[in-house]
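Hello,

Here is the structure I promised to hand over. Please open it first, then read my notes below.

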Amino acid sequence: MAHDHAHDEHGHEHEHDHEHDDEHEHDDSAADREREYVRRQALAQIRQYPDVALRMRAREVTEFDEFLVQLVERMANLMHDAQGVGLAATQIGVLQRVFVFAPDGEPMRAVVNPQLTLDESEKLVEEEGCLSLREVRVPVERATKVVIEAKDPNGDDVRYELDGLAARVVQHESDHLDGVLTIDRTDPESRKQALGALRPQPSRA
Ligand SMILES: [Zn+2]
């Protein structure tokens with residue numbers, strides 16, 4: 001799941017002559033550009049809509065081995081570099097029931113073969129981004145509280161009672177393991193707009 005960023009925070013504050021069109025007035029521009037470069041490098045390794053892997057159902061993990069540990073490490077690094085708050089294995093083409101999540105300020109957690117129990121008494125509609133859907137954000141209704149039972153990458157049982165953003169993120173990532181995307185869960189008008197934005201753009205060459 002993608003972080004909510006204001007991409008245009010430095011935009012349009014001055015009209016420059018073309019010959020003075022540089023960014024020297026921003027002290028942190030080099031750091032910003034480095035972060036953006038790292039983010040794009042990470043996104044290039046994450047499957048993008050309409051990649052078929054995003055529509056497949058992942059299988060239960062049966063082997064808690066070194067491959068799994070390395071998979072989780074790779075996913076955690078990609079999520080961090082892509083500035084996301086969650087990433088499912090299907091998003092890197094690995095059809096195993098594994099995802100990582102790290103809502104704002106919280107440490108990274110990895111879950112294997114997760115089972116979600118939703119508290120259906122309270123639901124909330126909020127906009128969600130997705131690391132596989134470019135800049136598309138659509139409103140999605142989710143339960144505000146969820147209990148997640150799973151294994152950690154070592155094969156030990158874990159159980160988390162989550163609310164707020166964490167509850168939303170794990171429902172989003174759990175959907176990925178079943179091949180379900182935000183555009184499937186949003187309202188018809190938002191879905192139509194999203195599909196338009198996701199349509200391949202004709203080359204300008
Ligand atoms: Zn996603």
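**What I found**

Glu127 counts as partly exposed, at 46% relative accessibility; buried means under 20% relative accessible area, exposed over 50%, and partly exposed in between, with a 1.4 Å probe and protein chains only. Its partner is Arg137: the two form a salt bridge, with the closest N and O atoms 3.7 Å apart. A salt bridge here is a side-chain nitrogen of Lys or Arg within 4 Å of a carboxyl oxygen of Asp or Glu. Arg137 is partly exposed too, with a relative accessible area of 30%.

Some background before the rest. This is a predicted model, in which local features need pLDDT of at least 70 and side-chain atom pairs count only at pLDDT 80 or more, while totals for chains, interfaces and linings use all residues. Residues are numbered from 1 along each chain as its sequence is written, and side-chain values use heavy atoms, with hydrogens and water left out.

**Confidence**

The average pLDDT is 90, and 87% of the residues score at least 70. pLDDT is the predictor's confidence in each residue, from 0 to 100. Residues 6-21 need care: pLDDT stays under 50 there. For that stretch the model has ten contacts beyond four places in sequence. Contact means heavy atoms within 4.5 Å. Where pLDDT is low, the predicted coordinates should not be read in detail.

**Salt bridges**

The whole structure holds 18 salt bridges. One of them joins Glu126 and Arg168, with the closest N and O atoms 3.4 Å apart. Glu126 lies in strand E3 (residues 109-128) and Arg168 in helix H3 (residues 164-177), so the pair ties together parts that are 42 residues apart in sequence. Helices (H or I, at least four residues) and strands (E, at least two) are DSSP runs, numbered from the N terminus. Glu126 is partly exposed, at 39% relative accessibility. Arg168 is buried, at 5%.

Asp175 and Arg185 also pair up, with 2.5 Å from N to O. Asp175 sits in helix H3 and Arg185 in helix H4, so this bridge ties together parts ten residues apart in sequence. Asp175 is buried, with a relative accessible area of 8%. Arg185 is partly exposed, at 43%. Salt bridges that share partners join Glu126, Glu128, Arg142, Arg168, Asp175 and Arg185 into one network.

**Thr182**

Where is Thr182 found? It belongs to helix H4 (residues 182-185). Thr182 counts as buried because its relative accessibility is 4%. Leaving out residues up to four places away in sequence, Thr182 touches Glu128, Leu133, Val138, Val140, Arg142 and His172.

**Nonpolar cores**

A nonpolar core is a set of buried Ala, Val, Leu, Ile, Met, Phe, Trp, Tyr and Cys residues joined through side-chain atoms within 4.5 Å. The largest one has 22 residues. Ile46, Met75, Leu87, Ile92 and Val98 have the most contacts inside it. Helix H1 (29-43), helix H2 (66-81), strand E2 (98-101) and E3 each give two or more residues to this core. H2 supplies the largest share, six residues.

Look at Ile92. Apart from neighbours within four places in sequence, Ile92 is in contact with Gln45, Ile46, Arg47, Leu71, Arg74, Met75, Leu78 and Leu87. A second, separate core has 17 residues, including Phe99, Val146, Val170 and Leu177.

Best wishes
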